[in-house]
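Please look at the sequence and the structure before reading on.

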Amino acid sequence: PKFKDITFYAHNLGRFDAPFIIKALSLFNETPEGLEAPYYFDTITRNKVILKLTVKRKVNDKVRRINIHDSVGILPRSLRDLCLDYKIENTKAYFPYEFAISDNLFYIGNTPNINYFTDIPKEIYKSLER
């Protein structure tokens, strides 16, 4: 209830976060608790990209709703660039997205090869190497 009528924003929601959210909640819907009170989704899309995700679920005879909007439409730059633009002290780090597959989710070890990173400057990659 404390988040009633509040809009959340996720940068790159439609191309990154929304599929994970929908998959996780859909899997929950297959559990006994989920079968009794499932989550429902409404989306607004453009060119097959989710711009807004509304998640609903009935709780204590009331339908609870969370709205999540994609902030890329408002701020069409990378989070790293936005951090630099607004002089944020703790900027978004580089992440080896190509390395993030199910077999590596709990990986502990040396920094993955530079080929797993997108657009990382070599000097920054070298500072990550362990």
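For the charge count used here, Lys and Arg are taken as positive and Asp and Glu as negative, while His and the chain ends are left out. On that basis the protein carries 20 positive and 16 negative side chains. The centres of the two sets lie 5 Å apart. The model is a predicted one.

**Overall build**

- The protein contains four helices and four strands.
- Their order along the sequence is β-α-α-β-β-β-α-α.
- The radius of gyration is 18 Å, well over the 14 Å that the globule rule gives for 130 residues, so the protein is more spread out than a compact globule.
- The C-alpha trace spans about 55 × 35 × 30 Å along its principal axes.

**Surface and contacts**

- Of the 130 residues in the protein, 22% are buried.
- The accessible surface comes to about 10,400 Å².
- Carbon and sulfur atoms account for 54% of that surface.
- Among contacts between residues at least 6 apart in sequence, 35% join residues that are at least 24 apart.

**The largest nonpolar core**

- Eight residues form the largest nonpolar core: Ala10, Leu13, Ala18, Leu25, Ile50, Leu53, Val55 and Ile68.
- Two elements, helix 1 (17-29) and strand 3, each give two or more residues to this core.
- Strand 3 supplies the largest share, three residues.

- Val55 is part of strand 3, which covers residues 49-59.
- Is Val55 buried or exposed? Its relative accessibility is 9%, and a residue under 20% counts as buried, so Val55 is buried.
- Leaving out residues up to four places away in sequence, Val55 touches Leu25, Tyr39, Tyr40, Phe41, Arg64, Arg65 and Ile66.
- Leu25, which is another member of the largest nonpolar core, is in contact with Tyr39, Phe41 and Val55 when its neighbours within four places in sequence are set aside.
- Val55 and Tyr97 are 42 residues apart in sequence, and their C-alpha atoms are 26 Å apart in space.

Definitions and conventions
Residues numbered from 1 in each chain as written. Predicted model: local features only at pLDDT ≥ 70, side-chain atom pairs only at ≥ 80, totals over all residues. Heavy atoms only, no water. Rg over C-alpha atoms; globule rule 2.2 N^0.38 Å. Buried < 20%, exposed > 50% of the residue type's maximum accessible area, 1.4 Å probe, protein only. Contact = heavy atoms within 4.5 Å. Areas by Shrake-Rupley, 256 points an atom, 1.4 Å probe, with all protein chains shown as cover. Charge placed at Lys NZ, Arg CZ, Asp CG, Glu CD. Core = buried A, V, L, I, M, F, W, Y, C linked by side-chain atoms within 4.5 Å.
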